Amino acid sequence: MSTSFSSLPIVSLAALSSSCSQPEDLETLVSRLNEVFSTTGFAYLTDLPLTYTHDDVFGVCNEFFGPNALSMDEKMKLAKKTFVPTNKNTYRGYFPPQEGDDNLKEGFELGTPSSRPSTSALVSPKFDLTEPNVFPASHARFQARCETLHNELQSLSSRLLSLLAVALGKPSSFFDHYLKDSLSTLRLLHYPPVPASRQQELICTPHTDSGILTLLHQDKTGGLEVRNSEGEWIPAPYVPGSMVVNIGDLMAKVSGGRWVATYHRVRSMKKEGTEMTGRYSVPFFFEPGLQCVVKSVDGTEVVYGEHLLDKMKGWVEFQDVVENAPESIVPERVAVETF
C-alpha cells in the first residue's frame, strides 16, 4: 500500500553492474525492490548497468527535437495516421503537441527493433500494436542509437523482472515466458516551452502507467511529481546519474495488489526572472506481448492488448484511433500464471 512518503527512495543497482557480486548482494537488492514497490511504487535507480550515459540519452533526443534537428515537415512524415491520414503507421512514430490540451508534449516512439507482425484479431489496418518502427530517412546513426538504447533498457528491465519474481517467492525465470513478442516502447518526449501568455500549471496530467515497469530518464528541468497516500504531490527532481523506476498497473495486478501503481504528473517549471525552457523526458515502458493473458489472484484476467487499448482511450495522441478499435476480442491466448 502506498505510504505518506516525502521523497523517493534511492536503490543502487551495483549488484547488477559487477561481475563479482555475491548472492547476498542480489538478495539485498531483491528485498529493497520489494520494499519500495510495496510502499512508494517509485524509486531512483543508481549505479546503472548501461553503456549510455545521461548525456548520451538526451543527445538522442536532441538529434530529433533540437534546434538543428528535424524540421516539422520531416517529423510529420513520421506522424501517426491519427495526424496524417495518408501515413501508414498507426502506433509507432511521431506525434505533435496537442494545442489546447494539458498534456503539452511532442514525441517519437519505437518498439522492439526485431518486432514481428501479428495475425491477432487485435490487429487491424486502423490500429496495429505490432507494426514495425519508422525512422527519418538518411539518419542511420539516429536509428542505430535508438535501437541500442531500446535493447539495453529491455535487457535491464528483464533483469529487474527476474528479481521481482524472486521477491514474490517464485523462480527468477517465472516471468520470462509471457514476454514473448514484447511490446516494450521507448518514447523520446519533448515538452516545448509554455508561452508566457498561457497560464498552465501542468504539462502532463495525473496518471498511472499501463504495463509492468517504467524506466525514466529525465533532464535537469524537473517537474515530475508523485502522489503519496495523503494525496500530497511529492517532487521527484533529477538525481545525477539516476533513472526513475515505477510499477505499472499490470504488475500491480499480477502481484495481487502487493505492489502499487502510483499516480504521477509533470508540472510546468517556469521560474521567476528566468527564460522558460523546454523539457526532455525518455520513458521506457517494459510490456508483455499483445496476446498475453494476465491472471490476477482473484481469478480475473485480461488480454494485454485489450488492457493497453483501454488505457489508451485516455491518451490524446491515440483517441481517434482507439475509438475504432474492436470492443470485445478473444485472440489466441498465451496464459500467464500468477500467485
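A helix here is a DSSP run of H or I with at least four residues, a strand is a run of E with at least two, and both kinds are numbered from the N terminus. The model in these views is predicted.

View A. The protein chain has 339 residues. Of these, 54% count as buried. Contacts that span the sequence are counted too. Take the contacts in the protein chain with a separation of 6 or more: residues 24 or more positions apart account for 77% of them.

**View B. Glu74 sits in helix α4.** This helix covers residues 72–76. Is Glu74 buried, exposed or partly exposed? Its relative accessible area is 35%, so Glu74 is partly exposed. Now find Phe64. Glu74 and Phe64 are 10 residues apart along the sequence. Their C-alpha atoms are 9.9 Å apart in space.

**View C. Ala79 lies in the loop between α4 and β3.** Strand β3 covers residues 93–95. Ala79 has a relative accessible area of 0%. The cut-off for buried is under 20%, so Ala79 is buried. Which residues does Ala79 touch, leaving out those up to four places away in sequence? They are Val84, Asn87, Asn89 and Tyr94. Tyr91 gives a distance to check. Ala79 and Tyr91 are 12 residues apart along the chain, and 9.3 Å separates their C-alpha atoms.

**View D. Helix α3 packs against helix α5.** Helix α3 runs over residues 54–65, and helix α5 over residues 140–167. Their axes are 10 Å apart, and the angle between them is about 140 degrees. That angle makes α3 oblique to α5. The contact draws on Asp56, Val57, Gly59, Val60, Glu63 and Phe64 of α3. On the α5 side are Arg141, Phe142, Arg145, Cys146 and Leu149. The crossing of α3 past α5 is left-handed.

**View E. Helix α2 also meets helix α5.** Here the axes come within 9 Å. They cross at roughly 80 degrees. Is α2 oblique or roughly perpendicular to α5? Angles of 65 to 115 degrees count as roughly perpendicular, so α2 is roughly perpendicular to α5. From α2, the contact uses Leu26, Leu29, Val30, Leu33, Asn34 and Phe37. From α5, it uses Leu160, Leu163, Leu164, Val166 and Ala167.

**View F. Aromatic rings pair up in the model.** Rings of Phe, Tyr and Trp pair if their centres lie within 6.5 Å. By this rule there are 11 aromatic pairs. Phe37 and Trp259 form an edge-to-face pair, with 6.4 Å from centre to centre and 65 degrees between the planes. Phe37 belongs to helix α2 (residues 23–39), while Trp259 is in the loop between α6 (249–254) and β11 (264–267), so the pair ties together parts that are 222 residues apart in sequence. Phe37 and Trp259 are buried.

**View G. Arg187 and Glu109 are joined by a polar contact.** This contact between their side chains is 2.4 Å. Arg187 lies in strand β5, which covers residues 185–191. What is the relative accessible area of Arg187? It is 9%, so Arg187 is buried.

**View H. Arg265 makes a polar contact with Glu225.** The contact runs from side chain to side chain, at 2.7 Å. Arg265 is found in strand β11. With 10% relative accessibility, Arg265 counts as buried.

**View I. Asp47 and Asp181 each have a positive phi.** Most residues other than glycine have a negative phi. Asp47 is not a glycine, yet its phi is about 55 degrees. Asp47 lies in the loop between β2 (42–46) and α3. At 41% relative accessibility, Asp47 counts as partly exposed. Phi of Asp181 is near 55 degrees. Where is Asp181? It lies in the loop between α5 and β5. Asp181 is partly exposed, and its relative accessible area is 43%.

Methods: Residues numbered from 1 in each chain as written. Predicted model: local features only at pLDDT ≥ 70, side-chain atom pairs only at ≥ 80, totals over all residues. Heavy atoms only, no water. Phe/Tyr/Trp six-rings, centres within 6.5 Å; stacked < 30°, edge-to-face > 60°. Buried < 20%, exposed > 50% of the residue type's maximum accessible area, 1.4 Å probe, protein only. Polar contact = N/O pair within 3.5 Å; in protein donor to acceptor, adjacent residues only side chain to side chain. Axes fitted to C-alpha atoms, helices over the stretch in contact; angles between N-to-C directions. Parallel < 35°, antiparallel > 145°, perpendicular 65-115°, else oblique. Left-handed = near helix turned anticlockwise from the far one by under 90°. Contact = heavy atoms within 4.5 Å.
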